[in-house]
Amino acid sequence: MDRGSQPAQETGAGHDGPDTRLPTSLRGIADKARREPKHRFRNLYGMLNEAFLHESWRWVRKHAASGVDRVSAQAYERALAANIRGLVERLKQKRYRAKLVRRQWIPKGTEGQLRPLGIPVVEDKLLQRAVARILTAIFEQDFLRCSYGYRPNVGAREAVDKLTVKLQFGEYHHVVEVDIENYFGTIDHDWLLRMLEQRVDDRPFVRLIRKWLKAGVLETDGQVTHPATGTPQGGVVSPVLANIYLHYVLDLWFHRRVAKRCRGEACLIRYADDLVCAFERADEADRFLGELGERVGKFGLRMSPAKTRRLPFPRTGEGTEAFDFLGFEFRWGRDRQGRPHLQRRTARRSLRASLHRYTEWCRTNRHRRMSDLFCELDQKLGGYYRHFGIYGNSPSLWQFHRQAMRILFKWLNRRSQPRSYTWPGFRDLVRHFGVPQPVVRRTAQASPTS
């Protein structure tokens, strides 16, 4: 790994001071990690006591699917004190064993593709949540500002807004789209543990994480497999581990090596394994693209040749292609004064996928009580509008809303043999339950230097 120079000031960690929102048990760790970037923490395993696990239980999703033992979170909670006491005792005596991870396949996109999801048992979810909180307190002080995925207080909207500011105000004329094939399934275990040891000097704590990485997977056909690489999507600790991996593989390398060599401007914006790089000069974008495959290959990853590309993105709009990032399509246009203006709208592929998922939800939930159905519908539509409700995207939002109402009308009329609603009656029903309409949130315009 690159251990030479320190990151430049403008690409340093996301926090400039202590995070008072952390509980006392983690605030000291976070403060020390921020003050001493090379400090390696010990006695983290000892933090996994009853008090800390009880505190971590608050962050375990109570309605998530159960693991191979079919024990739900509600059942585990009924004897929570005894269950945690037994877990801590096994941890102290080094008798803890990670259970099998239940494999489940969920739809991906609209073309019938599936992606694997790994579901641990409740006890492992609780322990992974505790470990994830500790790792986050440490590594959150190291993560760069270009990283937005799986981090507290930042997310996809912030990544989209930051990329918008960079392209609108910076001198970027070329964009490199990067796609990592099967990222979660190809993370190299040995490299990941070496990366953790940059900040963790606690063998029992690292061995605990290794147990989860090496845990067998119960496939849907009843077979048990033992993957040699990867961390299962769905594992509670997997997001922070995946973020740590790309922090060392891409973020530090880009800012310490790639950007420093560039004579023009260069930036990277990453949300988990979705990332976009922008360059002022074509030759430097091509050089980065040529080196990228070798860099990620060193760590067991591979790029998708069909989805990784460089495209011209000049402000003039001549020869400019559009590109997608986190569900948005970016392209150059003109504002009312005729000046170049970066336009964002919901990407067509994302819109189709959202409508496909929404249709399946309507189909499988049309039999529910109206109050329950519309309560969940409000949450779904509200979440969609919060993500895509950005300035300039009103046409796409209203397109989704209109189609969503047509789909709901269709499936509510299939609750019984005779049609349940006419359009006027359906509109009255929608007004009665207060179905949310698209809302555009005007984000504060950041300065070019932010």
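Predicted model: local features only at pLDDT ≥ 70, side-chain atom pairs only at ≥ 80, totals over all residues.
Next I asked where P152 sits. I found P152 in the loop between α5 (122-139) and α6 (156-169).

Which residues does P152 touch, not counting residues up to four places away in sequence? I found T136 and E140. For T136, I also noted the spacing: P152 and T136 are 16 residues apart in sequence, and their C-alpha atoms are 8.8 Å apart in space.

Then I turned to cavities. How many of 30 Å³ or more does a search of the whole structure find? I wrote down two.

I took the largest cavity to begin with, and it holds about 90 Å³ of space. I see 15 residues lining it, and V101, Q128, W212, P232 and V237 lie nearest its centre. I checked the helices too: α5, α9 (203-214) and α10 (238-261) each supply at least two residues of this lining. By class, I have nine nonpolar, four polar and two charged residues there.

The second largest cavity came next, with about 40 Å³ of space. Among the residues that line it I noted V60, R61, K62, V71, V122 and K125. I sorted this lining by class as well, and the entry reads six nonpolar, two polar and three charged.

Technical notes: Residues numbered from 1 in each chain as written. Heavy atoms only, no water. Helix = DSSP H or I, 4+ residues; strand = E, 2+ residues; numbered from the N terminus. Contact = heavy atoms within 4.5 Å. 1 Å grid on protein atoms, 1.4 Å probe; cavity = no way out; pocket = protein on both sides within 12 Å on 5 of 7 lines; lining within 4 Å. Points joined across faces, edges and corners; volume = space filled by probe spheres on them. Nonpolar A, V, L, I, M, F, W, Y, C, P; charged D, E, K, R; others polar.
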